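Below is a short briefing on one protein chain. Look through the sequence and the structure first, then read the points by topic.

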Amino acid sequence: MIKLESESQFNSLKKENTVFEFTAGWCPDCRIIEPDLPRLEEKYNHFNFVSVDRDEFIDLAIENDIMGIPSFLVYKNDELVGSYIGKERKSIEQIDEFLSKYV
């Protein structure tokens, strides 16, 4: 998983097939799914997976209506094609089901 370093990197990566995961070091729900994310990266290897620290990039979170974390945005060719946003805990199975729509 790539760690987002700048807003310009975000804008560049969204021009490709990219899954952005909004997360934070203090988020317990994020830590629960973290060990299983490499399996999804392998399964959906046509996507770049990018970790976005919500606290570091709060403006991006606000611009994208990120209400809770973890939350996911899927971009293809500079177009937002899907979002899985909410305050509820997300299981790795739910994330897998969400991503399967964009194969």
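Which residues of helix H5 (residues 92–100) are buried? They are Ile92, Ile95, Asp96, Phe98 and Leu99. These residues lie on the same side of H5, because they cover an arc of only 160° around the axis. The model is a predicted one, and the mean pLDDT of its chain is 96.

**Confidence**

- In the chain, 100% of the residues reach a pLDDT of 70 or more.
- Confidence is highest in E3, at a mean of 98.
- Confidence is lowest in helix H2 (residues 28–33), where the mean is 94.
- Where pLDDT is low, predicted coordinates should not be read in detail.

**Strand E3 and Ser51**

- Strand E3 spans residues 48–53, and Ser51 is part of this strand.
- Is Ser51 buried or exposed? Ser51 counts as buried because its relative accessibility is 18%, and the cut-off for buried is under 20%.
- Leaving aside residues up to four places away in sequence, Ser51 touches Met1, Ile2, Lys3, Leu4, Glu21 and Thr23.

- Strands E4 and E5 run antiparallel and are joined by five bridges.
- The hairpin has two residues between its strands.
- Asn77 lies in the loop between E4 and strand E5 (79–84), and Asp78 is found in the loop between E4 and E5 as well.
- Asp78 is not a glycine either, and its phi is positive at about 70°.
- Most residues other than glycine have a negative phi.
- With a relative accessible area of 61%, Asn77 is exposed, because exposed means over 50%.
- Asp78 has a relative accessibility of 41% and therefore counts as partly exposed.

**A cis peptide bond**

- Where is the cis peptide bond? The bond joins Ile69 and Pro70, with omega at about 0°.
- Pro70 has its place in the loop between helix H4 (58–63) and strand E4 (71–76).
- Most peptide bonds are trans.

**The disulfide**

- How many disulfides does a search of the whole structure find? The search finds one.
- Cys27 and Cys30 form the disulfide, with their sulfur atoms 2.5 Å apart.
- The link of Cys27 and Cys30 is right-handed, with 80° about the S-S bond.
- Both cysteines, Cys27 and Cys30, are buried.

**Salt bridges**

- Six salt bridges turn up in a search of the whole structure.
- One of them links the side chains of Glu34 and Arg31, at 2.5 Å from N to O.
- Glu34 counts as partly exposed because its relative accessibility is 40%, and Arg31 counts as partly exposed at 32%.
- Another salt bridge is formed by Arg54 and Asp55, whose closest N and O atoms are 2.6 Å apart.
- Arg54 is partly exposed, with a relative accessible area of 22%, and Asp55 counts as partly exposed at 38% relative accessibility.
- The side chains of Glu88 and Lys90 also meet in a salt bridge, at 3.9 Å from N to O.
- Is Lys90 buried or exposed? Lys90 counts as buried because its relative accessibility is 1%.
- Its partner Glu88 counts as partly exposed, at 39% relative accessibility.

Notes. Residues numbered from 1 in each chain as written. Heavy atoms only, no water. Helix = DSSP H or I, 4+ residues; strand = E, 2+ residues; numbered from the N terminus. Buried < 20%, exposed > 50% of the residue type's maximum accessible area, 1.4 Å probe, protein only. Contact = heavy atoms within 4.5 Å. Salt bridge = Lys/Arg side-chain N within 4 Å of Asp/Glu carboxyl O. pLDDT = per-residue confidence, 0-100. Disulfide = S-S within 2.5 Å. Arc of directions from axis to C-beta. Pairing = 2+ DSSP bridges.
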